[in-house]
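Reader: I'm new to reading structures like this one. Could you walk me through it, feature by feature?

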Amino acid sequence: MLRRNSLSFSWKLIIPPTSPNSSALTHIRSTSSIVTPTASTSDTQSLGFRVADRAVANTTSLSAVDVARHYGRCYWELSKARLSMLVVATSGAGYVLGSGSAIDYLGLSYTCAGTMMIAAAANSLNQIFEIKNDAKMKRTMRRPLPSGRITLPHAVMWASSVGVAGTALLAWKANMLAAGLGASNLVLYAFVYTPLKQIHPVNTWVGAVVGAIPPLLGWAAASGSISLNGMILPAALYFWQIPHFMALAYLCREDYAAGGFRMFSLADASGHRTALVALRNCLYLLPLGYVAYDWGITSGWFCLESTLLALAITGTAMSFYVHRTTETARRMFHASLLYLPVFMSGIMFHRLSDNPELISVKNSEALVGYTSTSEASVKELENSDQQKKVKRVDPSGRQRRPPVAFASVAPFPFLPAPSYSSY
Ligand SMILES: CC(C)=CCC/C(C)=C/CC/C(C)=C/COP(=O)(O)OP(=O)(O)O
């Protein structure tokens with residue numbers, strides 16, 4: 001029988017003397033590290049008690065459903081499923097933006113599934129490496145590993161199998177570039193970012209690169225290449241993560257200090273530099289809408305919407321900079337939660353899908369240069385958003401490259417040099 005414990009706000013297992021499963025459950029209690037939670041947990045509510053692998057394996061009387069539910073819950077939490085789903089959304093958005101006029105929905109599904117598996121593996125490895133730290137933090141102490149609900153070898157097996165499967169799926173159904181990006185990102189997150197959290201505050205910037213890769217992965221899966229146009233969404237994710245994590249690190253600084261993490265906010269007692277960094281990165285978000293419009297990725301509406309959105313989050317960062325309080329930090333954090341889904345919905349909604357007519361105009365221009373007829377067709381398009389795509393074709397038939405295409409792609413130094421292609 002499961003009964004709510006009103007004092008500790010936790011679920012406890014009360015075993016009735018006549019319960020048919022009582023011997024099995026008593027066995028679990030005596031052989032496993034059942035942890036009595038000290039605070040309310042959603043994870044404990046699902047199964048009602050905590051059991052370690054060994055106990056589950058030894059207890060034949062537990063129903064298969066209970067065991068499946070227990071491990072399902074553990075895998076869900078190890079994978080940080082909600083964070084992984086956000087990662088999948090960014091990868092899916094990158095796929096849509098990198099597609100031409102026709103989106104290959106089967107390819108999109110494979111890309112999302114592969115990304116989900118690799119992100120789940122990366123998040124599980126992150127928890128495998130941080131068991132001791134997570135056990136010291138209020139926010140993370142109830143995770144499956146520190147609470148003893150799953151053993152370390154079991155978690156390692158889960159992480160490695162799901163990581164290999166996700167990478168193989170991307171290699172098989174998308175392309176090697178997408179698979180390589182996924183695998184490298186897993187390595188960057190689990191083996192570089194995760195240990196860096198305990199070594200140097202630069203971890204936040206490395207983490208921002210990790211968060212920026214999935215939309216690039218999606219773009220690469222759809223288009224088979226990495227182009228400068230594909231960098232808009234990764235850039236938004238990169239700059240967005242800085243105020244998001246600065247707010248989090250400021251609000252949870254005691255918890256992070258208890259966990260042994262070297263977050264930027266810990267060496268900044270006044271919060272002044274934390275707020276300044278957040279504000280600066282919000283300002284970097286401002287031109288993204290214009291760039292997306294100027295490069296012919298979206299209509300002018302997105303330029304307007306994105307700029308207003310960036311102004312809104314910048315306003316909250318400015319207010320945090322001026323009054324460094326929990327209240328203003330929380331407001332900036334909430335603004336960051338709103339920013340990303342709105343930005344991604346906007347860029348997808350206003351994206352300019354490739355127009356077959358324009359492609360034929362482009363192809364004919366490339367072959368014969370500007371003729372009077374083609375000039376007329378270009379003029380016809382002068383007032384439309386699509387003109388930007390035509391403008392990129394010069395009389396020699398080569399695509400013009402914006403000056404920035406020749407610059408280094410700073411946050412992604414390990415990636416191949418971009419080729420500028422919008423078709
Ligand atoms: C394709 C692929 C591999 C994608 C991975 C994407 C991914 C996991 C992004 C998360 C980025 C990030 C810095 C999260 C915070 O981790 P944290 O360790 O600070 O979080 P915690 O404190 O809650 O453990």
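Reader: How far is the side chain of Tyr 189 from an oxygen atom of the ligand?

Author: A polar contact is a pair of N or O atoms within 3.5 Å; within protein, one must be able to donate a hydrogen and the other to accept it, and residues adjacent in sequence count only if both atoms are side-chain atoms. Here, an N or O atom in the side chain of Tyr 189 sits 2.9 Å from a ligand oxygen. For Tyr 193 the distance from a polar side-chain atom to an oxygen of the ligand is 2.7 Å, and for Asn 126 it's 3.0 Å. Keep in mind that this is a predicted model: local features need pLDDT of at least 70, side-chain atom pairs count only at pLDDT 80 or more, while totals for chains, interfaces and linings use all residues. Residues are numbered from 1 along each chain as its sequence is written, and side-chain values use heavy atoms, with hydrogens and water left out.

Reader: And how many residues surround the ligand?

Author: Count a residue as near if one of its heavy atoms lies within 4 Å of the molecule. That gives 18 residues, with Arg 139, Arg 143, Tyr 189, Tyr 193 and Lys 197 the closest.

Reader: How much area is buried between domain 1 and domain 2?

Author: The size of an interface is often given as the accessible area lost when the parts come together. It's found with a 1.4 Å probe and summed over both parts. For domain 1 and domain 2 that's about 2700 Å², with carbon and sulfur atoms giving 72%. In contacts (heavy atoms within 4.5 Å), 30 residues of domain 1 meet 26 of domain 2.

Conventions:
Buried area = accessible area lost by both parts, 1.4 Å probe.
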